[in-house]
Every structure is written in structure tokens, then in C-alpha cells.
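Please keep the sequence and the structure at hand while reading.

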Amino acid sequence: MAGGATLAGPPGDCCRKTVQHVGEPRGTVEKIAGVETYVARPPDGSGGGNKVILFFADVFGALYVNSKLLMDYWAENGFLVLGLDYFEGDSYAFHKDDKDFDMPAWIKGKQERAAALLPPWIEAVRQQYGSDKKYTCVGYCFGAPYVMDCVKTDWIAAGAFAHPAFLTEDHFRGVKKPIMLSCAEIDHTFPVESRRRAEDILVEQKATYFIQVFASVKHGFALRGDPNVPIERWAKEESARGVLNWFNHFCD
């Protein structure tokens, strides 16, 4: 685990709240390296061509409907999108109504499992879909550190995260690949001071980066924002468009 001063803390109360989005997911759930994985393919049957997004979910998991619909959006725009269920069928979505649920203990166990599942899953993905593809990755909250690990490697084309958790200064050091930060103005997990410190570190390293900040929305907006609240809907959709455009810029 990366060291240094903490920039993004553990998930808080905002991470426990969700507005379930409405829609019919188009993708399929398949096993890759023994892990259930949501697979969203472009509707033209191209399989995504050369462009792949690896999706690292928040605590509600890759198999939560909001996550599926977001992955479908990118697939509809030409990417093959793969979201592994590193919660192994036990995401927070199944515990959100339990007032006595021990979330810190649950998170600790899930971090340990994710750390064990991700390397062989990524290796299997690259074997199955080809190491010559343009791979990108995006993470939300719990999933953000895995993006920062990937952008320190040579095989990824670009990364992005929104409203992160569990990040330290060292996550932003040694970055080799372009990284996008999609941020909420109101975020107790990744407050403005941390966001500015992260930017300072990226500037010091002459990293390629892009930061967008949405006023009047909170941590969780990009995946669990309320589509009936105009500013939340716009921010959620604009964040998704921003990720799409960012990845297209480095994949086309």
C-alpha cells in the first residue's frame, strides 16, 4: 500500500447513500480469472476494436445497476468495458439497510481480496483480449487506488477517477500515464486541500493530467447522483462524457 500523507480518506456516510438509476443493462456477466465480470460491448458488434476500459467500482460494486448503466454508456460509444466484481457477490448494496453493519471491518477484508484478485484478473484480461489493445482504467471511491497503481505502469494508455477514497501522496508520485480527476466541490473524503496538494504533486512531476471540479455536488455524484436533481444529473453525465473524451484522446 502506498505511503505518505493521506489525501483521500476512507468512505464516509456519503458513500453509504445512493439513488438507484433506472434502465436496462445491456451487458453480460462473465467469468474472467474466476471472477464475475460485467462485460459491456459496443452495439455494432466490434467488440470495442482497440479500446478497452477497466472499471474499478465503488462500494456498491460493478454489478450494481448504476455501474452497469455507466459502463454501457461507454460501450455505446465504442469501448469494450470490463468491470470485475472484486466484492465477490458481497457488495455494500446488500448491507446498506443494516444499521449495525461494521463497514470498516468489511472494507478491510474487501481491500485484501481486491489486492489478491486484481493482478491475475488484469493478466487474464490482457491474455484474453490481447496485450496490444489500448487499455484505460477508471475508478470510483474504493476503486481509485487501483487506477493510480495502473497509471504507474507502461501497459495502460490513460486513467481516470472520480470522488476517490484511500489515496496518499505517494499514489500521485511516479505517475507515468495521463490521469484525470473528476471531483465534487463538497467532498469530505477528498477535500479541496487534498485535491490541490494532489495537483501540486502532479505539476512537480510534469505529469499529464486533467482536473474537473463540479460545484454544488457531493462525493458520489458521478455514480450515484440523483438524476431528478438537474445539477446532479448534469454533473454525473458530464463526468461520464469527460472520461469518454479523455480516453478517446489517448486511444484514437
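## Burial and the case of V52

A residue is called buried when its relative accessible area is under 20%, and exposed when that area is over 50%. The model discussed here is a predicted one, and V52 has a relative accessible area of 1%, so V52 counts as buried.

V52 is part of strand β4, which covers residues 51-56. Setting aside residues up to four places away in sequence, V52 touches F79, L80 and L82, together with the run K133, K134, Y135 and T136. With W121, by comparison, V52 has a separation of 69 residues in sequence, and their C-alpha atoms are 14 Å apart in space.

In soluble globular proteins, nonpolar side chains tend to be buried together. In this model the largest nonpolar core has 84 residues, and those with the most contacts inside it are L54, F55, F56, W74, Y86, W121 and F172. Helix α2, spanning residues 103-129, supplies the largest share of this core, with eleven residues.

For W74, once residues up to four places away in sequence are left out, the residues touched are I53, F55, F79, V81, V138, Y140, A240, V243 and L244.

N66 belongs to helix α1, made up of residues 65-76. Because its relative accessible area is 2%, N66 is classed as buried, and a polar atom of the N66 side chain lies 3.0 Å from the backbone oxygen of L223.

Which setting, buried or exposed, does C141 have? C141 lies in strand β6, residues 134-141, and its relative accessible area of 0% means that C141 is buried. Although C141 is not a glycine, its phi is positive, at about 55°.

K206 likewise is not a glycine and has a positive phi of about 55°. K206, however, is found in the loop between α4 (192-204) and β10 (209-218), and K206 is exposed because its relative accessible area is 74%.

Notes:
Residues are numbered from 1 along each chain as its sequence is written. This is a predicted model: local features need pLDDT of at least 70, side-chain atom pairs count only at pLDDT 80 or more; totals for chains, interfaces and linings use all residues. Side-chain values use heavy atoms; hydrogens and water are left out. Helices (H or I, at least four residues) and strands (E, at least two) are DSSP runs, numbered from the N terminus. Buried means under 20% relative accessible area, exposed over 50%, partly exposed in between (1.4 Å probe, protein chains only). A polar contact is a pair of N or O atoms within 3.5 Å; within protein, one must be able to donate a hydrogen and the other to accept it, and residues adjacent in sequence count only if both atoms are side-chain atoms. Contact means heavy atoms within 4.5 Å. A nonpolar core is a set of buried Ala, Val, Leu, Ile, Met, Phe, Trp, Tyr and Cys residues joined through side-chain atoms within 4.5 Å.
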